[in-house]
Amino acid sequence: PIPPLAWLPLFIFWFGIGEPSKIYFTAFVAFFPVYVNTIEGVKFTDPLLRRAALSLGATSGQMFRLVTLQAALPQIITGLRLGFGMAFLALVATELIASNAGLGYRIMESRNYVKVDWMGFGALMIGLIGFTIGSLIRAGEARLLRWRPRDEK
């Protein structure tokens with residue numbers, strides 16, 4: 001596999017420096033983990049669940065919504081968590097390299113003026129934002145998958 005950051009120069013070439021390259025590159029990086037995990041979740045839905053739903057008279061819409069989607073949801077959420085992590089990394093990297101706004105850009109600007117405290121604050125804010133969004137995703141996962149048993153540790 002090609003590391004996602006290797007594609008960044010092409011996105012800069014195609015979309016220029018600024019918001020469009022950040023948006024398209026971040027979406028590109030986040031797409032594949034979500035896609036692959038969704039496909040795997042749907043593909044490995046327990047056939048016994050499908051047969052049980054069919055024998056109880058489920059329509060194709062009910063089959064998708066109540067069986068396939070519910071069975072694939074843990075994998076889909078795993079893909080979303082991985083995609084968010086990769087997208088956040090890509091966003092910061094894009095801002096560091098090819099942007100004129102954002103926290104990454106401010107960190108690079110601070111580096112040019114040797115403002116170490118500003119660089120540290122920018123890195124701390126990036127960590128805080130990542131932690132907050134990751135916590136929100138985990139809370140959403142706990143709510144959506146409350147039917148799934150949890151490890152007691």
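Is tyrosine 24 buried, partly exposed or exposed? Tyrosine 24 is partly exposed, at 45% relative accessible area. For those words, buried is under 20% relative accessible area, exposed is over 50%, and partly exposed is in between, using a 1.4 Å probe and protein chains only.

Okay, quick housekeeping. This is a predicted model, where local features need pLDDT of at least 70 and side-chain atom pairs count only at pLDDT 80 or more, while totals for chains, interfaces and linings use all residues. Residues are numbered from 1 along each chain as its sequence is written, and side-chain values use heavy atoms, with hydrogens and water left out.

So, back to our tyrosine. Tyrosine 24 sits in helix α2. When I say helix, I mean a DSSP run of H or I with at least four residues, numbered from the N terminus. Tyr24 also belongs to a nonpolar patch on the surface, together with Leu10, Phe13, Trp14, Phe15 and Ile23. Together they have about 680 Å² of accessible area, from the Shrake-Rupley method with a 1.4 Å probe, counting only the protein chains shown as cover for residues. A patch takes residues with over 30% relative accessible area and no salt bridge; nonpolar side chains (Val, Leu, Ile, Met, Phe, Trp, Tyr) are joined within 5 Å, and like charges within 9 Å. Who supplies it? Helices α1 (8-15) and α2 (19-43) each give at least two residues, and α1 has the largest share, with four.

Now for the charges. A salt bridge here is a side-chain nitrogen of Lys or Arg within 4 Å of a carboxyl oxygen of Asp or Glu. How many salt bridges does that rule give? The count is five.

Let me start with lysine 22 and glutamate 95, whose side chains meet at 3.4 Å, N to O. Lysine 22 is in α2 and glutamate 95 is in α4 (residues 60-97), so this pair ties together parts 73 residues apart in sequence. Both lysine 22 and glutamate 95 are buried.

Next up is arginine 81 with glutamate 141, with the closest N and O atoms 2.9 Å apart. This one links α4, where arginine 81 lies, to α6 (residues 116-144), where glutamate 141 lies, so parts 60 residues apart in sequence are tied together.

Glutamate 109 is partly exposed at 25%, and arginine 106 is partly exposed at 43%. Elsewhere, salt bridges with shared partners join Glu19, Lys22 and Glu95 into one network.

Last stop, α6. This helix has 29 residues and spans 42 Å from first C-alpha to last, close to the expected 42 Å, which is 1.5 Å times one less than the number of residues. Its buried residues include Gly122, Ile126, Gly130, Gly134 and our friend Glu141. What do the buried residues of α6 pack against? They pack against α4 and α5, with contact meaning heavy atoms within 4.5 Å.
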